[in-house]
Amino acid sequence: MQTLDSVEPLQTVIARWKSQGHKMGLVPTMGDLHEGHLSLVRLAREKADRLVVSVFVNPLQFGPDEDFTRYPRQLESDAALLEKAQVDLLFAPSVDAMYAKGRPAVQQVSAGEIGDILCGLSRPGHFDGVATAVNRLFAVVQPDLAAFGQKDYQQLLVIRRLVAEQGLAIDILGGSIAREADGLAMSTRNRYLDEKARAVAPRLFEELRAAAALIRSGTQEHARILQRSIENLTTAGFRPNYFELRRAVDLTVPSKKDRELVLLAAAHLGETRLIDNLLFSL
Ligand code: AMP
């Protein structure tokens with residue numbers, strides 16, 4: 001596996017691979033890799049001839065009071081995991097390399113309206129930052145396919161919209177959520193949880209499952225079920241940010257006719273903000 005930290009040499013390699021007719025895959029990450037990331041690597045590895053994984057802690061997607069400076073950076077162990085997973089190239093640029101300091105400003109991309117709801121309400125500008133970074137990576141790597149996790153379901157839809165909007169010929173693969181044995185969705189930020197919080201954290205997924213079962217049973221009003229879940233999480237020690245039922249296809253509020261749904265939740269546990277979701281059909 002080759003590791004590169006700047007754009008020009010990466011583009012040389014990509015141009016060579018393209019001229020050889022290789023199908024290119026990309027898995028964007030912020031590093032400190034866990035099994036969730038590696039499941040995306042395997043998904044993309046199956047379909048691509050040459051696979052690039054990026055590790056870039058993107059400052060544009062962190063708010064001023066968020067954890068950009070303390071976000072874990074573990075490039076050496078990440079590289080070892082990616083080598084083992086038969087990744088061809090690790091792209092780990094600095095902020096300056098990524099956003100071309102000293103040259104014309106990088107194209108700022110809007111996530112559109114879908115970036116303004118749910119997580120976008122409490123993290124203004126977050127999805128514009130994600131879209132800008134991913135758009136830059138797409139321009140540099142020119143992948144035929146790219147894998148993103150359903151763990152960040154709103155982000156996955158932001159990327160699908162970006163690709164449609166910009167008319168990019170990139171196949172977006174959505175990887176299912178990798179979970180710990182007790183159901184907690186794997187996340188780099190789980191590292192922040194102390195022992196007590198870690199014991200409580202799986203309640204978020206339990207509440208999603210319980211609410212989905214109640215919605216499926218059709219015995220109670222949706223608004224009541226969602227309110228109950230918020231109360232249950234609060235009692236368990238969370239500070240819920242939202243707990244919502246949406247249409248899986250576009251995250252708008254479902255009507256009675258809609259069958260493909262997603263429950264999405266975000267909640268603070270201590271200082272750590274956890275998100276999770278559950279896709280289901282009626
Ligand atoms: P991050 O490094 O947190 O920016 O995540 C990089 C990619 O991995 C994103 O597409 C995430 O949705 C995905 N991802 C993160 N956690 C998980 C998980 N538990 N299961 C599946 N994919 C995940």
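How many salt bridges does a search of the whole structure find? The search finds 13, and some of them are picked out below. Please keep in mind that this is a predicted model. The chain is divided into domain 1, residues 2-175, and domain 2, residues 188-281.

**How the two domains meet**

- The C-alpha centres of domain 1 and domain 2 are 27 Å apart.
- Contact between the domains involves 22 residues of domain 1 and 18 residues of domain 2.
- Together, domain 1 and domain 2 bury about 1800 Å² between them, with 54% of it on carbon and sulfur atoms.
- Two salt bridges cross the interface of domain 1 and domain 2.
- Nine residue pairs are in polar contact between domain 1 and domain 2.
- On the side of domain 1 that touches domain 2, α5 (119-122) and α7 (153-166) each supply at least two residues.
- Helix α7 gives the largest share of that side, three residues.
- By class, the side of domain 1 that touches domain 2 has nine nonpolar, seven polar and six charged residues.

- R203, E206 and E207 are linked in a network of salt bridges.
- E206 pairs with R203, and their closest N and O atoms are 3.7 Å apart.
- E207 also meets R203 in a salt bridge, at 3.9 Å from N to O.
- Both partners of each pair lie in helix α9: E206 and R203 are three residues apart, about one turn of the helix, and E207 and R203 are four residues apart, also about one turn.
- E207 counts as buried because its relative accessibility, 8%, is under 20%.
- E206 is partly exposed at 37% relative accessibility, and R203 is partly exposed at 32%.

**Two further salt bridges**

- D32 forms a salt bridge with R191, with the closest N and O atoms 2.4 Å apart.
- D250 and R247 form a salt bridge with their closest N and O atoms 3.0 Å apart.
- D250 is partly exposed at 28% relative accessibility, and R247 is partly exposed at 23%.

**A buried residue, I215**

- I215 sits in helix α9, which covers residues 203-217.
- With a relative accessible area of 3%, I215 is buried.
- Leaving aside neighbours within four places in sequence, I215 is in contact with H222, I225, L245, L263, F280 and L282.
- I215 and L226 are 11 residues apart in sequence, and their C-alpha atoms are 9.4 Å apart in space.

Technical notes. Residues numbered from 1 in each chain as written. Predicted model: local features only at pLDDT ≥ 70, side-chain atom pairs only at ≥ 80, totals over all residues. Heavy atoms only, no water. Domains from an automatic or database assignment. Contact = heavy atoms within 4.5 Å. Buried area = accessible area lost by both parts, 1.4 Å probe. Salt bridge = Lys/Arg side-chain N within 4 Å of Asp/Glu carboxyl O. Polar contact = N/O pair within 3.5 Å; in protein donor to acceptor, adjacent residues only side chain to side chain. Nonpolar A, V, L, I, M, F, W, Y, C, P; charged D, E, K, R; others polar. Buried < 20%, exposed > 50% of the residue type's maximum accessible area, 1.4 Å probe, protein only.
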